[in-house]
Amino acid sequence: MKIGSSQVQHGPASDRVYLMKLDDADMPGIVDRLDELASEMGYTKIFAKIPAAALPWFRTGGFVTEAYVPRMYRGESAGCFMSRYLAKDRAVPGNEKLICDVLDVAEDKACSPLAPAVDCSEVRRMGPEDAEKMAEVYAAVFESYPFPITDPGFIRESMEDDVAFYGVMSERGIEALASAEKDPSWLCAEMTDFATLPGNRGKGLAGKLLARMESDLAEEGYCTAYTIARAWSFGMNAVFARAGYRHAGVLPNNTQIGGTLESMNVWHKQISAR
């Protein structure tokens with residue numbers, strides 16, 4: 001949905017309002033409008049991805065900065081992930097020890113980075129004709145997901161809207177998937193929608209997908225890649241750490257995925273310079 005010209009997503013599954021794309025023309029009034037929407041729907045969290053220049057208005061509106069990504073905006077200035085909680089207990093991450101353990105392991109993995117040239121020969125860009133099979137893979141991997149990724153129609157619409165999907169292929173078909181959700185105005189991209197079929201895990205397929213997506217994005221002139229990864233996942237956080245991403249912060253109880261509300265880690269990497 002739109003509030004003014006800004007893109008917003010909300011729903012009971014993640015029990016939140018998510019400001020995905022802020023239009024400068026909506027400042028500063030959108031801060032109050034997000035609050036009104038959350039109060040009307042009874043949500044317990046408002047989550048906003050904004051340029052650092054808008055930070056003072058959100059801070060005044062009761063938001064706190066949970067992750068800070070340098071050079072996220074056109075490779076020049078930072079982007080901020082900010083939240084405001086309408087229920088105090090939601091601001092406290094569940095299982096904080098596990099989150100710390102995951103980050104400790106990821107930090108160790110960063111000391112053994114991926115080979116400079118990852119073999120991406122099995123990876124290809126997916127097209128609309130692949131949507132049915134892709135939806136089946138996502139349905140097999142995720143019990144629930146914050147977006148309707150198991151709907152082939154949604155996948156096709158996403159492809160028309162600056163989301164580039166990639167797959168690791170074999171003679172059996174799709175083995176793993178991921179996507180780069182591109183923001184041409186900010187020249188950054190979210191590396192997301194990673195899904196590896198059971199039986200293929202631990203084979204480095206996510207690393208291959210990530211390397212291929214980074215390469216294509218850099219050729220297209222994108223400057224910064226980032227991800228919002230499940231904070232309890234040893235595997236995904238290690239993939240990003242080994243690929244040279246830096247940890248930017250934790251988003252407590254942010255996303256309903258895999259059947260429960262989970263905290264998320266933000267990681268970032270500069271993939272090219274302007």
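Q: Before we look around this predicted model, what does buried mean for a residue?

A: Buried means under 20% relative accessible area. Take Phe240: its relative accessibility is 0%, so Phe240 counts as buried. Phe194, at 12% relative accessibility, counts as buried too.

Q: How is a pair of aromatic rings described?

A: By the distance of the centres and the angle of the planes. A search of the whole structure turns up nine aromatic pairs. In one of them, the centres of the Phe47 and Phe81 rings are 6.1 Å apart and the planes sit at 20°, so this pair is stacked. Phe47 belongs to strand β4 and Phe81 to strand β6, so the pair ties together parts that are 34 residues apart in sequence. Both Phe47 and Phe81 are buried.

Q: Which kind of pair do Phe194 and Phe240 form, stacked or edge-to-face?

A: Theirs is edge-to-face, with 5.6 Å centre to centre and 85° between the planes. This pair links distant parts of the chain, as Phe194 is in strand β10 and Phe240 in helix α7, 46 residues apart.

Q: Which residues form one aromatic cluster?

A: That would be Tyr18, Phe47, Phe81 and Tyr226.

Q: Let's go back to β10. Which strands does β10 pair with, and in what sense?

A: With β9, β10 pairs in the antiparallel sense over seven bridges; there, Ala176 has Thr196 as its bridge partner. With β11, the strands run parallel, joined by three bridges, and Glu190 has Tyr226 as its bridge partner.

Q: How many residues of β10 are buried?

A: Nine of its nine, so to speak a mostly covered strand.

Key
Residues numbered from 1 in each chain as written. Predicted model: local features only at pLDDT ≥ 70, side-chain atom pairs only at ≥ 80, totals over all residues. Heavy atoms only, no water. Buried < 20%, exposed > 50% of the residue type's maximum accessible area, 1.4 Å probe, protein only. Helix = DSSP H or I, 4+ residues; strand = E, 2+ residues; numbered from the N terminus. Pairing = 2+ DSSP bridges. Phe/Tyr/Trp six-rings, centres within 6.5 Å; stacked < 30°, edge-to-face > 60°.
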